[in-house]
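Please look through the sequence and the model before reading on. The notes below can then be checked against them.

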Amino acid sequence: KLSLTFASAASLAQVIPGSPRLQSPSRMMLEARRVLLIAAALVAWAQGQYFKEEDRQLAAIAHNSVDQHCHGGKFQGSVDRAGSIADLQKNVGGENIALEVLSQATSSEDAQDVFMEKYGTTWMLQRGAALVIGVIMFVFGFGLYWTKKCRCCASERPTQEYQKTCVVIIIVLTLAGIVWGSVSAVRGFHTQMMGFQNARCTFARFLDHATNGNQAQQDSFIGIFHMLERLEGLERTFDNGTAFTKASENILEETDKLNRAANLANKNLELLTDALQANKKPTFATTEPTLHDCVLCEAALPYANNASTTMRNSVATLLGQTRADISGPSEVMKQKLQSTTDVVVSWWDATVDGINKMYRDGIFAKWTRHEDLVKWILLIAVLLVTLSAVGLIVTAVLSVYRFKYHEMKEGFDGDEPTNPYNVRIHQQARRTWCWAFVYVLSTLIVAGTLNVAAAPFSSFCLVMHDLDGAKLEQIAPGLNLTLNGAKGTNLKEVMDKCVQPSSGDTVNNFLLDLLVTEHDSKTVSVKEDLKQKARDAVQSRFSGIVQSSAGPAPPLRTDPVMQKLIQVLNNPVDRLILGNRLEFLVNPTYEDMKHDDHSRVVHIRNGACINPLGLAPVLNASLACPNYTDSANLGNLPQTTIAGIQEFADRLAPLGDVDIAASYSCAKQVRCHAATYWQNKVQVSSYAHNLEKACQAGNKYMELKWRLLKEDAFRCDLFSKPGLVAEGCDPTQMKIESGKYTGDCMDLLGNFGPFFEQRCILNDFDNYMKSWDARLTKVLERADKEVEGIRGSINASLELLIGLHLDSPIDALARGSTCNFLSEYFQEGIDGFCYQGIVGTIDIVQSYIWCAICTALLIPTMIAVYCRSKGNYENWKPDRTEYNELKTKQAEAFTSLLGKKKKDGQQDSDSDSNVDG
């Protein structure tokens with residue numbers, strides 16, 4: 001989550017492929033040394049389970065990306081954080097919109113509704129006001145340009161010198177404002193691009209530090225790969241040949257025989273369970289379904305599972321596995337230890353996965369393309385607006401210059417018959433105010449678009465700049481974050497101690513000491529939890545075995561669970577393989593039997609002699625001839641009477657004549673009476689057809705029973721002979737000669753081959769199920785004998801080994817998990833992305849709004865120049881009498897105005913003199 005938070009703060013940071021920069025020889029030597037150190041470490045990791053070739057490449061990519069994104073490896077420019085925060089607050093309207101919305105929302109889905117309810121479209125329109133005004137200005141200017149009508153252009157009017165001077169002053173001030181705004185916009189664009197570059201560089205340095213660590217700085221984070229290396233070293237404590245396993249081997253030598261005996265018993269129970277599962281739904285060799293269920297198999301399966309559990313938890317199995325777990329592959333021990341380290345490994349794996357996504361999944365490359373696109377769009381927009389400002393300034397200066405100094409031809413005395421006015425003045429003025437409309441439009445559109453884009457980022461930055469544990473808890477519901485329990489405590493602690501530590505806090509914080517978890521209903525640090533669970537993994541494995549070996553060990557052969565399993569298996573098999581009534585009723589071959597039920601007596605006329613019981617009720621008949629009442633030792637199955645094949649044959653017989661040729665034992669078929677035979681014997685003629693069809697389906701049913709009695713529809717699986725997978729091996733043939741067992745189906749290492757699958761007929765299957773009594777008796781008695789021979793021989797203490805091989809490595813692991821480096825990168829990311837990138841965008845917006853305001857003042861001035869110059873040019877008359885009179889009146893009015901002001905000024909001066917006297 002920290003990586004995600006930081007990635008959001010620098011969301012425009014990405015990898016840009018490029019050529020290596022030329023460096024000085026001393027810098028190249030320093031970089032070469034660092035690369036060699038990293039490469040040496042990565043070569044050592046390459047063979048670990050956590051370190052692959054792609055991880056080594058990823059570490060190199062992360063290191064090289066620093067040179068690609070950082071120019072000199074330093075943060076460029078300076079940041080005024082207080083001023084930048086004020087700019088961000090002003091941009092969003094003086095309050096932190098994102099914080100308010102997330103604080104009030106109950107989920108991320110609810111945040112949108114809260115925003116619309118509290119701020120809605122009004123807030124969005126305010127952010128895009130410049131864009132809206134720009135569109136309105138475009139419509140107005142477009143109409144004004146095409147009409148080109150002005151009432152003041154209808155007559156010739158003299159222009160006084162003071163009027164020209166006022167126009168010049170207004171134009172100079174507005175153009176100065178436009179120049180200042182354009183320069184500020186270019187400066188803002190530079191700050192923006194520099195900020196995004198800094199954010200990109202900071203993120204690249206963060207990934208390099210997180211991946212490879214900082215070996216040059218003491219008490220720093222050692223890097224994810226180094227952390228994983230130490231975790232893997234901890235997990236290798238129980239590998240073969242380690243000091244821990246060598247110190248434990250001496251007390252485990254006698255457990256090999258017991259391990260083989262326990263393994264034999266467990267494998268036999270596994271074989272039994274597999275055979276029961278395979279025979280629950282028997283099938284013919286052609287995979288054709290038999291439509292029968294092995295009720296005995298289903299009843300025995302729970303007892304077989306219970307027996308397997310009892311065997312796995314027995315003293316025989318525990319003592320037998322001790323040697324295999326420590327001096328062998330140590331998988332059980334290792335898995336227990338891995339379960340304690342998986343939490344820590346998952347943190348690092350999540351970070352590595354995030355780095356992989358950034359580099360290998362192309363997220364950096366995509367952001368590079370997006371940023372390049374944004375950069376070029378902004379650059380083009382800034383250049384176009386700036387060039388527009390230059391064009392506007394040139395046309396305005398030319399027009400005003402001609403209006404001021406060249407309104408009429410030089411030397412004109414009023415008696416010449418030609419038009420003396422400069423035609424270029426109103427033409428240039430028209431171009432100026434028309435172009436000014438376009439310029440205002442472009443600046444407002446650019447400013448409005450950028451402001452709309454910058455507003456949410458501004459609010460986001462206000463949340464990030466002082467994000468701590470308390471604020472994270474405040475906005476957690478709006479982010480769909482659950483901060484309950486240890487998870488919430490950990491996240492808040494990391495924010496307060498690592499990401500946003502209090503000022504003056506220079507103490508190194510270690511993640512494994514800082515983070516907490518629950519252990520035995522107590523809150524402890526992850527380091528202590530890791531220690532305790534590693535200790536528990538060993539002690540529970542060995543101390544429990546020592547205790548069990550010293551206590552009572554009841555024989556497995558007489559265990560009630562084993563006895564119950566054998567009792568169930570001794571039930572007759574043929575009486576407990578039943579037809580599946582529901583499957584018969586939906587099978588097209590047999591479904592017609594459903595028409596022959598208990599209603600025979602209803603449909604048969606008086607005087608017709610026929611068994612009133614139909615076929616449909618006994619579709620679930622067993623494979624035994626007589627009916628059978630099952631025993632009470634079948635577990636959860638109710639004690640009930642089960643129909644046999646003879647019962648079905650007795651009900652089938654009245655529907656035809658016995659067909660001796662098509663019968664086997666009690667599975668007798670008949671030659672069915674046709675429907676015409678029944679016409680005068682039934683109440684309803686259609687029932688005659690039902691009886692004929694039911695009889696034919698009954699014959700098919702009898703044929704299926706016959707096949708089940710004769711064909712190999714069952715599985716009688718055994719073990720494979722060691723080295724001969726095509727030949728079966730039965731532990732009932734196991735013997736002991738000279739203290740060694742033969743015929744136990746295990747190879748020299750105590751391993752079994754794959755199960756030997758073999759099909760069998762019903763009689764063989766019945767014998768196979770009964771043989772499990774002898775088979776289990778042999779293997780359980782062997783296990784009991786081996787337990788009795790070694791009980792009490794395991795009493796070694798592992799406390800010293802635990803302290804040396806578990807506690808010490810965990811302490812070293814914790815010392816390398818500092819997290820203070822997160823604060824530096826987090827703050828630099830905010831400085832670059834927010835205080836430079838987003839604030840630079842705001843500067844562009846404000847500068848262009850200022851340019852639009854100045855240009856808006858320029859437009860009416862140039863329209864006035866346009867109207868006056870056009871009116872004079874188009875309404876000029878050779879007779880200058882009226883013009884001269886008007887000019888004289890204007891001069892007198894201006895002189896009178898000045899004289900009045902002068903007189904008023906003199907009276908005020910006299911009054912002041914009298915007061916002074």
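This is a predicted model: local features need pLDDT of at least 70, side-chain atom pairs count only at pLDDT 80 or more; totals for chains, interfaces and linings use all residues.

1. A disulfide is a covalent bond between the sulfur atoms of two cysteines. The count for this model comes to seven disulfides. Three of them are taken up in the next points.

2. Cysteine 461 and cysteine 834 form a disulfide with their sulfur atoms 2.0 Å apart. The pair links distant parts of the chain, since cysteine 461 is in helix H17 and cysteine 834 in helix H31 (residues 821–874), 373 residues apart. The link is left-handed, with -80 degrees about the S-S bond. Cysteine 461 is buried, and cysteine 834 is buried too.

3. In the disulfide of cysteine 498 and cysteine 819, the sulfur atoms are 1.8 Å apart. This pair also links distant parts of the chain: cysteine 498 sits in helix H19 (residues 485–499) and cysteine 819 in the loop between helix H30 (799–815) and H31, 321 residues apart. The torsion about the S-S bond is about -60 degrees, so the disulfide is left-handed. Cysteine 498 counts as buried because its relative accessibility is 0%. Cysteine 819 is buried, with a relative accessible area of 0%.

4. Cysteine 729 is joined to cysteine 745 by a disulfide, S to S 2.1 Å. Cysteine 729 lies in strand E11 (residues 724–729) and cysteine 745 in the loop between strand E13 (740–742) and strand E14 (755–756), so the pair ties together parts that are 16 residues apart in sequence.

5. The side chain of threonine 443 reaches the backbone oxygen of valine 440 at 2.9 Å. Leaving aside residues up to four places away in sequence, threonine 443 touches Val385, Tyr848, Cys851 and Ala852. Of these, Cys851 is itself buried, with a relative accessible area of 0%.

6. Proline 456 is also found in helix H17 (residues 423–465). Proline 456 counts as partly exposed, because its relative accessibility is 47%. The C-alpha atoms of proline 456 and valine 92 are separated by 8.0 Å, although the two residues are 364 residues apart along the chain.

7. Strand E7 (residues 656–664) and strand E8 (residues 667–672) run antiparallel and are joined by five bridges. Aspartate 657 in this pairing stands opposite arginine 671 in E8. E7 and E8 form a hairpin with two residues between them, and serine 665 in the turn has a positive phi of about 55 degrees.

Technical notes. Residues are numbered from 1 along each chain as its sequence is written. Side-chain values use heavy atoms; hydrogens and water are left out. Helices (H or I, at least four residues) and strands (E, at least two) are DSSP runs, numbered from the N terminus. Buried means under 20% relative accessible area, exposed over 50%, partly exposed in between (1.4 Å probe, protein chains only). Two strands pair if DSSP finds at least two bridges between them. A polar contact is a pair of N or O atoms within 3.5 Å; within protein, one must be able to donate a hydrogen and the other to accept it, and residues adjacent in sequence count only if both atoms are side-chain atoms. Contact means heavy atoms within 4.5 Å. A disulfide is a pair of cysteine sulfur atoms within 2.5 Å.
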